[in-house]
Amino acid sequence: MTRKEKINKLRKQGKTLSVIAKEFHISGERVRQILNSEYCSIHAISYVESCQYCEEEEKYGLFLKSANKEILEKEMVKLSKKDRTAIPSLHRKLLVKKIKKEWNISFSDLARKLHRDRTTISSYFYQ
Ligand SMILES: [Zn+2]
């Protein structure tokens with residue numbers, strides 16, 4: 001049973017948020033968040049209102065759809081930096097997929113432009 005399922009069960013047994021909170025050594029507010037949370041199996045995270053990565057994927061996807069070659073070149077420079085945090089990494093994947101499909105460019109050339117190795121870039125594409 002996951003923590004969420006355990007908490008759900010206790011809640012159904014009529015236990016209050018603060019009683020549950022004490023049992024799990026978390027705050028009552030956290031218990032409430034867990035009860036209201038859902039799970040994104042794509043990004044393997046729990047979320048309350050919407051998965052921020054799914055949302056970002058949609059937003060950036062729309063941006064890329066309308067972007068011209070000049071804008072895409074600028075994005076490529078921006079995303080060639082060392083930043084490995086989640087959002088730039090997500091953008092990098094989406095950008096690679098788009099450019100590889102639309103431009104006649106090899107994985108090696110794309111890798112060079114993005115300062116990554118070829119294996120990383122091709123794994124973005126096939127993910
Ligand atoms: Zn997601």
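**Order of elements.** I began at the N terminus and read the elements of the protein chain as α-α-α-β-β-α-α-α-α-α. I noted eight helices and two strands, where helices (H or I, at least four residues) and strands (E, at least two) are DSSP runs numbered from the N terminus. I must keep in mind that this is a predicted model, in which local features need pLDDT of at least 70 and side-chain atom pairs count only at pLDDT 80 or more, while totals for chains, interfaces and linings use all residues. For my own bookkeeping, residues are numbered from 1 along each chain as its sequence is written.

**Overall form.** I looked up the domains next, and found the protein chain divided into domain 1 (3-36) and domain 2 (52-126), with bounds that come from an automatic or database domain assignment. The C-alpha centres of domain 1 and domain 2 lie 41 Å apart. Along the principal axes, the C-alpha atoms of the protein chain fill a box of roughly 60 × 30 × 20 Å. I then compared the radius of gyration, which is 21 Å for the protein chain, with the value near 14 Å that a compact globule of 127 residues would have; the radius is taken over C-alpha atoms, and the globule rule is 2.2 Å times the number of residues to the power 0.38.

How much of the protein chain is made up of buried residues? I found 11% of the 127 residues, counting a residue as buried if 20 or more other C-beta atoms lie within 10 Å of its own, exposed if 12 or fewer, and partly exposed in between, with C-beta atoms placed from the backbone. Among contacts between residues at least 6 apart in sequence, 43% join residues at least 24 apart, a contact being two residues whose C-beta atoms, placed from the backbone, lie within 7 Å.

**The largest nonpolar core.** I listed its eight residues as Leu-79, Leu-95, Val-96, Ile-99, Leu-110, Leu-114, Ile-121 and Tyr-124. The term stands for a set of buried Ala, Val, Leu, Ile, Met, Phe, Trp, Tyr and Cys residues joined through C-beta atoms within 7 Å. Helix H6 (86-102), H7 and H8 each supply at least two residues of this core, and H6 gives the most, with three. As background, nonpolar side chains tend to be buried together in soluble globular proteins.

The axes of H7 and H8 come within 8 Å and cross at roughly 110 degrees; axes are lines fitted to C-alpha atoms, for helices over the stretch in contact, and angles run from 0 to 180 degrees between N-to-C directions. H7 is therefore roughly perpendicular to H8, since angles under 35 degrees count as roughly parallel, over 145 as roughly antiparallel, 65 to 115 as roughly perpendicular and the rest as oblique. Phe-107, Ser-108, Leu-110, Ala-111 and Leu-114 of H7 make the contact with Arg-118, Ile-121 and Ser-122 of H8. Turning to the other crossing, I found that the axes of helix H2 (residues 17-24) and helix H3 (residues 28-36) come within 8 Å and cross at roughly 100 degrees, so H2 is roughly perpendicular to H3. Here the contact is made by Leu-17, Ser-18, Ile-20 and Ala-21 of H2 and by Gly-28, Val-31 and Arg-32 of H3.

Most residues other than glycine have a negative phi. Ala-44 sits in the loop between strand E1 (38-40) and strand E2 (45-47), and it counts as exposed because it has 9 C-beta neighbours inside 10 Å. I also wrote down His-115, whose phi is near 55 degrees, in the loop between helix H7 (107-114) and helix H8 (118-126). Is His-115 buried or exposed? It counts as exposed, because there are 12 C-beta neighbours inside 10 Å.

**Phe-125.** My last entry is for Phe-125 in helix H8, which is partly exposed because it has 14 C-beta neighbours inside 10 Å. Leaving aside neighbours within four places in sequence, Phe-125 is in contact with Val-96, Lys-97 and Lys-100.
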